[in-house]
Structures are given as structure tokens and as C-alpha cells.
Amino acid sequence: NNMSLLIPAKAGTLRKNGYVQIKGHPCKIVNLSTSKTGKHGHAKLNITGIDVLTKKKYEDLTPTSHNVLIPEISRDEWQVIDINGTELTVMDEDGNMREDLEVDEDSELHETISR
């Protein structure tokens, strides 16, 4: 259940270079702008973010007083030990191994790793 990795927060508390879930995508915030208070009394926040996984750009518009979801993001570094076709064997700094990862054969990552 991925919902446990999402934390609600008021849109008005977002900051550039922070993270937010936009249209179901975990994004790093690259731009925030606030529009004037509308006829219903809510200032709107225009959020532009880049998906941390695909690098695709997403935008959202929400009242600053409304809740948005903040993805809990952590980054771990793993060293590629072996590549067999599309299957990767990787190891972290503590020596833990993973062999359950695959990389698309047509991807730039596969090309880089295979060198």
C-alpha cells in the first residue's frame, strides 16, 4: 500500500525543491506561484514538478489552504555487480544484494550499465 508513503500537508507550506504528489506522480517542485484570491476567497497555488522517476513535467493548481500529498522519498545507492540480459545484481554499501531488478533492454540505463 503506497498510501503509507504519502503525508498530507497544506499546499501553502510547499517550497521549491521540496516534493509533492502531482496527478499520482512523486515530483520534485521546480516552480511555485500564487495567484490572487479568487471570488471564493482562496489564493491558488500553481505547482510545477518533475517526476523523480521519469523526469516528466507535471503541473497542478490548488487552493493554498487545501491538503496535498507529500511523498516520502529516500535515496539509496547500489553498485551494479552483474548484468545478465535484463536482470541486474546490485549491492549496497552494507553488502546487501538484490537480484530482483530488471532494466529495459532498449533503455539508456541498460546501454550505460552494459559498457
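Predicted model: local features only at pLDDT ≥ 70, side-chain atom pairs only at ≥ 80, totals over all residues.

Visitor: Good to know. How many helices and strands are in the chain?

Guide: The chain has 1 helix and 9 strands. Reading from the N terminus, the order is β-β-β-β-β-β-β-β-β-α.

Visitor: And what is the radius of gyration of the chain, next to that of a compact globule?

Guide: The chain comes out at 19 Å, while a compact globule of 115 residues would be near 13 Å. Along the principal axes, the C-alpha atoms fill a box of roughly 60 × 25 × 20 Å.

Visitor: What share of the residues count as buried?

Guide: Of the 115 residues, 24% are in the buried class. The chain exposes about 8500 Å², and 47% of that comes from carbon and sulfur atoms.

Visitor: Which residues make up the largest nonpolar core?

Guide: That core has 11 residues: Ala11, Leu14, Val20, Ile22, Cys27, Ile29, Leu45, Ile47, Tyr58, Val68 and Ile70. Strands β2 (19-22), β3 (25-35), β4 (44-51) and β6 (67-71) each give at least two residues to it.

Visitor: Let's pick Ala11. What is Ala11 in contact with, beyond its neighbours within four places in sequence?

Guide: Ala11 contacts Leu45, Thr62, Pro63, Thr64, His66 and Val68. Two of these partners, Leu45 and Val68, are themselves listed in the core.

Visitor: Changing topic: where is Thr89?

Guide: Thr89 sits in strand β8, which covers residues 87-92.

Visitor: Why does Thr89 count as buried?

Guide: Because its relative accessibility is 15%, and the cut-off for buried is under 20%. Leaving out residues up to four places away in sequence, Thr89 touches Gln79, Val80, Ile81, Asp82, Met97, Arg98 and Glu99.

Visitor: And Val90, buried or exposed?

Guide: Val90 is also in strand β8, and it counts as buried because its relative accessibility is 4%. Outside the four places on either side in sequence, its contacts are Trp78, Gln79, Val80, Ile81, Asn96, Met97, Arg98 and Leu101.

Visitor: Last one, on charges: how far apart are the mean positions of the positive and negative charges?

Guide: The chain has 14 positive and 19 negative charges, and their mean positions lie 21 Å apart.

Terms used:
Residues numbered from 1 in each chain as written. Heavy atoms only, no water. Core = buried A, V, L, I, M, F, W, Y, C linked by side-chain atoms within 4.5 Å. Buried < 20%, exposed > 50% of the residue type's maximum accessible area, 1.4 Å probe, protein only. Helix = DSSP H or I, 4+ residues; strand = E, 2+ residues; numbered from the N terminus. Contact = heavy atoms within 4.5 Å. Rg over C-alpha atoms; globule rule 2.2 N^0.38 Å. Areas by Shrake-Rupley, 256 points an atom, 1.4 Å probe, with all protein chains shown as cover. Lys, Arg positive; Asp, Glu negative; His and termini not counted. Charge placed at Lys NZ, Arg CZ, Asp CG, Glu CD.
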